[in-house]
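Welcome, and please open your viewer. We will walk through the fold one selection at a time, and at each stop you can check what is there.

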Amino acid sequence: MSVLFTSDPHVGHVNISKFRSYVESTEENDELFFDQWNKNVNKRKIVYLLGDVMFDRKHMARFIALPGRKILVKGNHDNHKLKTADHFLMFDEIHGILKYKKFWLTHAPLHPDELRSSMNIHGHTHNYSIKDNRYINISQDVIYPETKSIFVPLEELKRQREEIDG
């Protein structure tokens, strides 16, 4: 099974085009997310979504039908109009913070004292990345313009970890 990570898709965010230069509308942002998912995820993949996934119920059924194992690390916007009960229908697992291999998976970056020799994979800060190589910002705002993908594969994160560990 391969593992993918993404953060901050902001499906249904009515003002997302004010923050993302690569989309002109909410609908374009939503379709980008679903198109990317359908091109990159199959039933054997695991996807960790690090928060701020969906702002309303409009695409909930469509999201539920997407292939793959979906694991949510909740973000600050994940209870906007969807409740935890909705998330139980949409995701295979739900977490506030999660330790995965040598990484902390969070929506917002952890305090440096909490890293304890691990790296922090996060979103939340959108285009702003912390200037500390222990933090990897995988917000869609950072990774999509560079890679034309909303996903970061586990292999890429491991490669970055190996570079830091030497």
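**Stop 1: strand 3.** Select residues 69–73, which make up strand 3; four of its five residues are buried, leaving the strand mostly covered. Keep in mind as you look around that this is a predicted model.

Now bring in the neighbours. Strand 2, residues 46–49, runs parallel to strand 3, and four bridges join the two. Follow the chain from strand 3 through helix 3 (residues 84–90) into strand 4, and you trace a right-handed β-α-β crossover.

Stop 2: Next, select strand 1, residues 3–6, which is joined to strand 2 by four bridges in the parallel sense. Within that pair, Leu4 has Val47 of strand 2 as its bridge partner.

**Stop 3: the nonpolar cores.** Show side chains for Phe33, Trp37, Leu49 and Phe63. In the largest nonpolar core, which has 24 residues, these four touch the most other members. Helix 1 (26–40), strand 2 and helix 2 (60–64) each supply at least two residues of this core, and helix 1 gives the most, with four. In soluble globular proteins, nonpolar side chains tend to be buried together.

Centre the view on Phe63. Leaving out residues up to four places away in sequence, Phe63 touches Phe33, Phe34, Leu49, Val53, Met54, Lys70, Met90 and Phe91. There is also a second, separate core of 19 residues, and Ile46, Tyr48, Leu50 and Phe103 are among them.

**Stop 4: the largest pocket.** Which residues lie nearest the centre of the largest pocket? Select Ile136, Asn137, Val142, Ile143 and Gln160 to find them, out of 22 lining residues. The volume of this pocket is about 370 Å³.

After helix 4 comes Lys148, with a positive phi near 60°.

Stop 5: Most residues other than glycine have a negative phi, and most peptide bonds are trans. Go to Asp52, in the loop between strand 2 and helix 2. Asp52 is not a glycine, yet its phi is positive, about 55°. Then jump to Ser117, in the loop between strand 6 (103–105) and strand 7, where phi is also positive, near 65°.

Is each of these residues buried or exposed? Asp52 has a relative accessible area of 1%, which is under the 20% limit, so Asp52 counts as buried. Ser117 has a relative accessible area of 65%, which is over 50%, so Ser117 counts as exposed.

Key: Residues are numbered from 1 along each chain as its sequence is written. This is a predicted model: local features need pLDDT of at least 70, side-chain atom pairs count only at pLDDT 80 or more; totals for chains, interfaces and linings use all residues. Side-chain values use heavy atoms; hydrogens and water are left out. Buried means under 20% relative accessible area, exposed over 50%, partly exposed in between (1.4 Å probe, protein chains only). Two strands pair if DSSP finds at least two bridges between them. A crossover is right-handed if, with the strands pointing away from the viewer, the path from the first strand over the helix to the second runs clockwise. A nonpolar core is a set of buried Ala, Val, Leu, Ile, Met, Phe, Trp, Tyr and Cys residues joined through side-chain atoms within 4.5 Å. Contact means heavy atoms within 4.5 Å. On a 1 Å grid over the protein atoms alone, a cavity is a set of points where a 1.4 Å probe fits but cannot get out, and a pocket is an open set with protein on both sides within 12 Å along at least five of seven lines; lining residues have an atom within 4 Å of a point. Grid points are joined across faces, edges and corners, and a volume is the space filled by probe spheres set on the points.
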